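This briefing concerns one protein chain, whose sequence and structure are displayed below. The points that follow are grouped by topic.

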Amino acid sequence: LQQIPGVWKHLDASQPRPEMVDESRLVEHVVIIGYGRVGKHHCEILHSLEVPVLVVESDVSLIDILAEKNVPTLYGDASNSEVLTHAHLERARALVVTVPDDTAAEMIVGAARAINPGLPIIARASTEDGVHHLAALGADEVIHTELEGGLEMVHNTLLRLGYPLRQVHEYTESVRRDRYNIQISSLDEHRSMHDMLIATESIEIAWVKLDETSPLVGRSLRESNIREQTGASVVALIREHELIPNPKSSTIFNPGDNIGLIGEQGQIEKAVQNLTAPVTSQVG
């Protein structure tokens, strides 16, 4: 057994086992099963948002890494329901199952749903059958990593072709709700596609970045009279990587601002021309 890679590490009873986490502190936490690439990313994001997490991991070497980072951890196989009882799912905010094996994920989701029928469960699937099985066992969101990558490519392609962000987002979400069925078959998918067709027939969205020569710089939205002069409306402003929806009429525009415009094609073209035309000085 010692000659078989990985086996002896799990069978050797003489090696020290990590201490159990302080279960009294497990309240309103997110339980993450597995600390691979996906699990690690979840931990980092939730930590930055100050959301308490508990990681369940069966790899001792990863347990040591988590201990160094002071991440609350349970050592053991989460597909064993006895391990899950120590995760206190009954008072957790959510469960994230990142293990790549569908069978193990299904056992975890089934056990977790029995412990807490109302717990939000997000699970990872490696196969299309796994997507349906995990959903049937009670997972609220099932992410198929390979198909998700393809769906994200469709999302970006549609945006590059000029389709409105809201309608593209609604379409991709409807595909997820339909368990990655690539056929446009559900009512939501048909509605999303119809909305995209209608939106692109008359309405466009454009972004214009202002430089120092723009006549808009130093003026307020009210003073610029963009809508009165062109028919296009300013619906958003990106300044220093911050999105400001529906900027106030008193907003003063600065060089480097990205202005979000919505309107018909001719209105957008006129607005872009007005916003990018250099300021000319008068002699007299």
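Contact means heavy atoms within 4.5 Å. On that basis, among contacts in the protein chain between residues at least 6 apart in sequence, 58% join residues at least 24 apart. The model is predicted, so local features need pLDDT of at least 70 and side-chain atom pairs count only at pLDDT 80 or more, while totals for chains, interfaces and linings use all residues. Residues are numbered from 1 along each chain as its sequence is written, and side-chain values use heavy atoms, with hydrogens and water left out.

**Overall composition**

- The protein chain contains 12 helices and 10 strands; these are DSSP runs numbered from the N terminus, with helices being H or I of at least four residues and strands being E of at least two.
- Of its 284 residues, 37% count as buried, where buried means under 20% relative accessible area, exposed over 50%, and partly exposed in between, with a 1.4 Å probe and protein chains only.

**Nonpolar cores**

- A nonpolar core is a set of buried Ala, Val, Leu, Ile, Met, Phe, Trp, Tyr and Cys residues joined through side-chain atoms within 4.5 Å.
- The largest such core has 29 residues, and those with the most contacts inside it are Val31, Ile33, Leu89, Leu95, Val97, Ile108 and Leu134.
- At least two residues of this core come from each of strand 1 (30–33), strand 2 (53–57), helix 4 (81–85), strand 4 (94–97), helix 5 (102–115), strand 5 (121–125) and helix 6 (128–137).
- Helix 5 gives the most to this core, with 6 residues.
- With neighbours within four places in sequence left aside, Ile108 is in contact with Ile33, Ala78, Ser79, Leu84, Leu95, Val97 and Val99.
- Another core lies apart from the largest one; this core has 15 residues, among them Ile259, Leu261, Ile268 and Leu275.

**Helix 5 with helix 6**

- Two packed helices are described by the angle between their axes and the distance between the axes.
- The axes of helix 5 and helix 6 come within 9 Å and cross at roughly 10°; axes are lines fitted to C-alpha atoms, for helices over the stretch in contact, and angles run from 0 to 180 degrees between N-to-C directions.
- Helix 5 and helix 6 are therefore roughly parallel to each other, given that angles under 35 degrees count as roughly parallel, over 145 as roughly antiparallel, 65 to 115 as roughly perpendicular and the rest as oblique.
- Helix 5 passes helix 6 in a right-handed crossing; a crossing is right-handed if the near helix is turned clockwise from the far one by less than a right angle, and left-handed if anticlockwise.
- Asp102, Ala105, Glu106, Val109, Gly110 and Arg113 of helix 5 make the contact with Gly130, His133, Leu134 and Leu137 of helix 6.
- The residues of this contact divide into 4 nonpolar, 3 polar and 3 charged, with Ala, Val, Leu, Ile, Met, Phe, Trp, Tyr, Cys and Pro counted as nonpolar, Asp, Glu, Lys and Arg as charged, and the others, Gly among them, as polar.

**Helix 7 with helix 8**

- Helix 7 (residues 145–160) and helix 8 (residues 165–177) have axes that come within 10 Å and cross at roughly 160°.
- The two helices, helix 7 and helix 8, are therefore roughly antiparallel to each other, and helix 7 passes helix 8 in a right-handed crossing.
- On the helix 7 side, Glu148, Leu151, Glu152, Val154, His155, Leu158 and Leu159 meet Leu165, Val168, His169, Tyr171, Thr172, Val175 and Arg176 in helix 8.
- By class, this contact has 8 nonpolar, 3 polar and 3 charged residues.

**Individual buried residues**

- Val55 is found in strand 2 and is buried, with a relative accessible area of 0%.
- The C-alpha atoms of Val55 and Pro72, 17 residues apart along the chain, are separated by 6.4 Å.
- Beyond its neighbours within four places in sequence, Val55 is in contact with Ile32, Tyr35, Cys43, Leu66, Val71, Pro72, Thr73 and Leu74.
- Val131 is found in helix 6 and counts as buried at 1% relative accessibility.
- Thr251, in the loop between strand 9 (242–245) and strand 10 (258–264), counts as buried at 14% relative accessibility.

**Positive phi values**

- His88 has phi near 50°, a positive value in a residue other than glycine; His88 is found in the loop between helix 4 and strand 4 and counts as buried at 14% relative accessibility.
- Asn225 has phi near 55°, likewise positive in a residue other than glycine; Asn225 lies in the loop between helix 10 (221–224) and helix 11 (226–230) and is partly exposed, with a relative accessible area of 31%.
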